[in-house]
Amino acid sequence: MPTIEPTRRRQAEALLRFIDSSPSPWHAAYTMAEWLEEEGFQNLDERSDWELEANGRYYVLRDDSSLIAFIPGADPLPTAGFRLVGAHTDSPGLRLRSHPVEAADTMLRLGAEIYGSPILATWTDRDLSLAGRVALRHEPPTVCLVDFATPLLRLPNLAIHMNRKVNEEGLRLDKQSELPLLMAVLENEIPTDRRFIDLLASHLDCDPETISGWELNVYDTQRGAFWGPNDEFVASARLDNLASCHAALTALMAEDETPGTRVCALFDHEEVGSESFKGAAGSFLEDTLTRISTTLGMDGIERRRALAASFLVSADMAHAYQPNFPKGYEPSHKTVVNLGPVIKTNANLRYTTEAFSQALFCGWCEEAGVPWQQYVHRNDLPCGSTIGPMTSARLGIRSIDVGSPLWAMHSVRESAGVLDHAYMIEVLGRFFACPQIPANA
Ligand SMILES: [Zn+2]
């Protein structure tokens, strides 16, 4: 059993509290912005002029849930380039509908759309609540964060007496008719959306007439916890991919000064394809890098030189081997929890890793004293993807896809290793500090 040093335990503890404070992508961005402000980062508005200086600390938000934090490097940008870490702020789950209240016999239920690809069965029998943002009809319109924080909703399982084959066939939920969330007994009232709007207004302490819309995540209120004989594992919601966001920002803040310009690009909408004005397929990162280089006095050629001297680490969680289910894994690529960052490779470019980017990343692991492992998906199962391919292609910069090993990806409660989180912070720190990205001559 691994011994967990106090510093590494504190990093995992900080991760769990960060996730507890981030029940939606909007809360995640808000929590990160607060943290960055505490560490001396200045908020830049995309509508305003920017003034930047070497080793200054800055961050930009786009639409409250995508965030880019950066620190201009000490060396000239065209030769030193950008050190980018990309991750995502959203997680799969359920989103409340526009007309959420459902007319159903005996119970008042709230209807939700499926966001991304959650493991639906894991949402049953959990202490669920709602968090996200609400638009208010003010002049001009405003949005505010909302988090009910206490259990408000539930998706009770069907008792085994009515579902006798559940242990042989698994729990299958009809996505339309069996997902509405139970909230209250009906008591002869006609259910209308007004019931929910009044509840929301009383929580926000506002006039119900001013509420014009919402984006509300259903989430599990159980806090993140350590487990294992030596507390060497963590269990929490949204480890995919708030763990990578937390590792990236922790590594970003670790050094006062580096030659290259450090950038953490943390996007919403990865779980639904990233095609939005704030997603990784949108212009946010390219716009921000262009503004950084232009504000620092670079012309187009110098900006292009900077991109050619840059590198992207696309950090998203990886599949940890679960020995009860060997059939799910490629037998020569079993990645083990607490044995270090996973380098993800796919011949069909679902991941960006190639031989040279892997050599660079392994070099940073070795310098940091961090072990690493390799993952390849089975041929007979479709492989997932992440923001690496689209970001790297759009910017024309070399990239690698890596992540900490994770059990039960897209479950309402995922699980990972304390050491892996520390290892990821350590290797990203080495990457940020590296003076030059070697050319593949
Ligand atoms: Zn992910």
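T391 is placed in helix 10 (residues 388-395), where helices (H or I, at least four residues) and strands (E, at least two) are DSSP runs numbered from the N terminus. The structure is a predicted model, in which local features need pLDDT of at least 70, side-chain atom pairs count only at pLDDT 80 or more, and totals for chains, interfaces and linings use all residues. Residues are numbered from 1 along each chain as its sequence is written, and side-chain values use heavy atoms, with hydrogens and water left out.

T391 has a relative accessible area of 4% and is therefore buried; the term buried denotes under 20% relative accessible area, exposed over 50%, and partly exposed the range in between (1.4 Å probe, protein chains only). A polar atom of the T391 side chain lies 2.6 Å from the backbone oxygen of I387. Such a polar contact is a pair of N or O atoms within 3.5 Å; within protein, one must be able to donate a hydrogen and the other to accept it, and residues adjacent in sequence count only if both atoms are side-chain atoms. When residues up to four places away in sequence are not counted, T391 touches A280, L285 and L312, contact meaning heavy atoms within 4.5 Å.

The zinc ion has as its protein donors H88 (NE2), D240 (OD), D316 (OD) and D316 (OD), at 2.0 to 2.6 Å. Donors are N, O and S atoms within 2.8 Å of the metal (3.2 Å for Na, K and Ca); water is not among the atoms, so sites may look incomplete. The sequence spacing of the donor residues is H-x151-D-x75-D. Distant parts of the chain are linked by the pair H88, in strand 4 (residues 82-88), and D316, in the loop between strand 14 (311-315) and strand 15 (318-319), the two being 228 residues apart. H88 is buried, with a relative accessible area of 0%, and D316 is likewise buried, at 5%. The angles among the four donor atoms span 54 to 143 degrees, and the site is irregular. Four donors count as tetrahedral if all angles lie between 85 and 135 degrees; four count as square planar and six as octahedral if opposite donors are over 155 degrees apart and all others between 65 and 115; anything else is irregular.

D299 is found in the loop between helix 7 (284-295) and helix 8 (300-308) and is partly exposed, with a relative accessible area of 42%. The D299 side chain reaches the backbone nitrogen of I301 at 3.1 Å, and a polar atom of this side chain lies 2.8 Å from the backbone nitrogen of E302.

The protein chain is divided into domain 1 (6-91 + 237-433) and domain 2 (93-220), with bounds from an automatic or database domain assignment. Their centres, taken over C-alpha atoms, are separated by 31 Å. The contact takes 22 residues from domain 1 and 21 residues from domain 2. Between them the domains bury about 1,700 Å², 59% of it on carbon and sulfur atoms; buried area is the accessible area (1.4 Å probe) that two parts lose on being put together, summed over both. In domain 1, P23, W26 and V412 lose the most area to domain 2, together 38% of what that side buries.
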